[in-house]
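Thanks for coming. I will go through one structure today, starting with the loops and ending with the aromatic rings.

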Amino acid sequence: MEMQLPPHEGDELSVVDMHTGGEPLRIIHSGYPEVKGDSVLSKRRYVLENLDHLRRVLMFEPRGHYDMYGALVVDSELLEADLGVLFMHNEGYSTMCGHAVIALGRFAVDYKLVKEPQSPETQVNIHCPCGLVKAFVEYSEGKTGGVRFLSVPAFTFATDVTVSLEKFGDVTVDISYGGAFYAFVDAKRFGLDVTTSRTRDLVDAATAVTNAVKSQVKLHHPTSDDLAFLYGTILTDGKDDYSSDPTANMCVFAEAQVDRSPTGSGVTARVALQYHRGLIQLNQTRTFQSGATGSQFTGRAVEETKCGEFKAVVVEVSGRAFYTGVSRFVQEPEDKLTHGFLLK
């Protein structure tokens, strides 16, 4: 028997759920009101100011959870874009998300958001708030597979920056941009290991770094003030020298949200940092592993470029995303918890 929605009032919200390396992505398929704005960045501001209650409905419990991640497909002002996208999480709206781009690449081909698919790869141009990202989706005999994408210009903002943490004292961090800004620290500085330590301890250390950098370091981005904020902290295993062996990291972003994947924009920023330090060369592929799940992405710098005053690189990141289901959500008027809640 086909499952039907029970009698209800109000609009439905339809979603497609996926995951990339274990990190969830809830793609909003229908039910959102019109998102106004003449650019993807202005649409990002519009949903923050006018539709943020729907982010809480879909990201928070009882329909989501503390670490849920979402994507809302919107129109783009760029003629070359196949789709625009707004990213959402437990705190608000990101400017870039690599794991989401990998999933959206498959989704765009499978749900016919692009023209006739091509083998062996179909290109999908995705306009993210940080800029246009080109994804390439494996396609053969009607089936989609792995996805690689080319980042917006990624650059190192600052190296060896000392910040003071109340619990841990002075800590030296690097700050790099891969569509969003991240602080990078070797987890051993805190006596931790990104693959074996308790997640709670890793979150506490990373959150302390994030709070310190936010309060003590002023960031800027050459093209937009909307991009000039620290998204999170990535704790690493310290293995930054080029090697064929995987290097692991754990990303804690937004409001202490833990990325289950190696973090696509984080891999982008980390490759840019390694290239800046002369630890890798162009077209040297590295494997990056999630400290949370063991899932892997690959990343490599493929081209030198500029982003304002910063020397930058275009980074290619590759991974796989998988479907987990579809859902249709309703909101009953008498439900006092319908707008969502979070347990920390």
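Where does Pro 62 lie? Pro 62 is in the loop between H2 and strand S3, which covers residues 70-74. Please keep in mind that this is a predicted model.

Pro 120 sits in the loop between H3 and strand S5, residues 121-128. The loop between H3 and S5 also holds Lys 112. Lys 112 is not a glycine, yet its phi is positive, about 60°.

Back to H2. This helix runs over residues 52-59, and both Asp 52 and Arg 55 belong to it. They are 3 residues apart, about one turn of the helix. Their side chains form a salt bridge, with 2.7 Å between the closest N and O atoms. The count of salt bridges comes to 17.

Now the domains. Domain 1 takes in 9-141 plus 323-331, and domain 2 takes in 152-319. Between their C-alpha centres there are 23 Å. How many residues of domain 1 are in contact with domain 2? The number is 25, and they touch 27 residues of domain 2. The two domains bury about 1,900 Å² between them, and 53% of that is on carbon and sulfur atoms.

On the polar side, 13 residue pairs are in polar contact between domain 1 and domain 2, counting pairs with both residues at pLDDT 80 or more. The interface has 2 salt bridges. Arg 260 and Asp 67 also pair in a salt bridge, at 3.1 Å from N to O. As for the side of domain 1 that touches domain 2, at least two residues come from each of helix H1 (40-50), helix H3 (98-110) and strand S6 (131-140). By type, the residues of that side are 10 nonpolar, 10 polar and 5 charged.

Last, the rings. The whole structure has 13 aromatic pairs. One of them is Phe 155 with Tyr 177. Why is this pair called stacked? The ring centres are 5.0 Å apart and the planes meet at 25°; planes under 30 degrees apart count as stacked. Phe 155 is in strand S8, residues 154-165, and Tyr 177 is in strand S9, residues 169-177, so the pair ties together parts that are 22 residues apart in sequence.

That is the end of my part.

Key: Residues are numbered from 1 along each chain as its sequence is written. This is a predicted model: local features need pLDDT of at least 70, side-chain atom pairs count only at pLDDT 80 or more; totals for chains, interfaces and linings use all residues. Side-chain values use heavy atoms; hydrogens and water are left out. Domain bounds come from an automatic or database domain assignment. Contact means heavy atoms within 4.5 Å. Buried area is the accessible area (1.4 Å probe) that two parts lose on being put together, summed over both. A salt bridge is a side-chain nitrogen of Lys or Arg within 4 Å of a carboxyl oxygen of Asp or Glu. A polar contact is a pair of N or O atoms within 3.5 Å; within protein, one must be able to donate a hydrogen and the other to accept it, and residues adjacent in sequence count only if both atoms are side-chain atoms. Helices (H or I, at least four residues) and strands (E, at least two) are DSSP runs, numbered from the N terminus. Ala, Val, Leu, Ile, Met, Phe, Trp, Tyr, Cys and Pro count as nonpolar, Asp, Glu, Lys and Arg as charged, and the others, Gly among them, as polar. Rings of Phe, Tyr and Trp (its six-membered ring) pair if their centres lie within 6.5 Å; planes under 30 degrees apart count as stacked, over 60 as edge-to-face and the rest as tilted.
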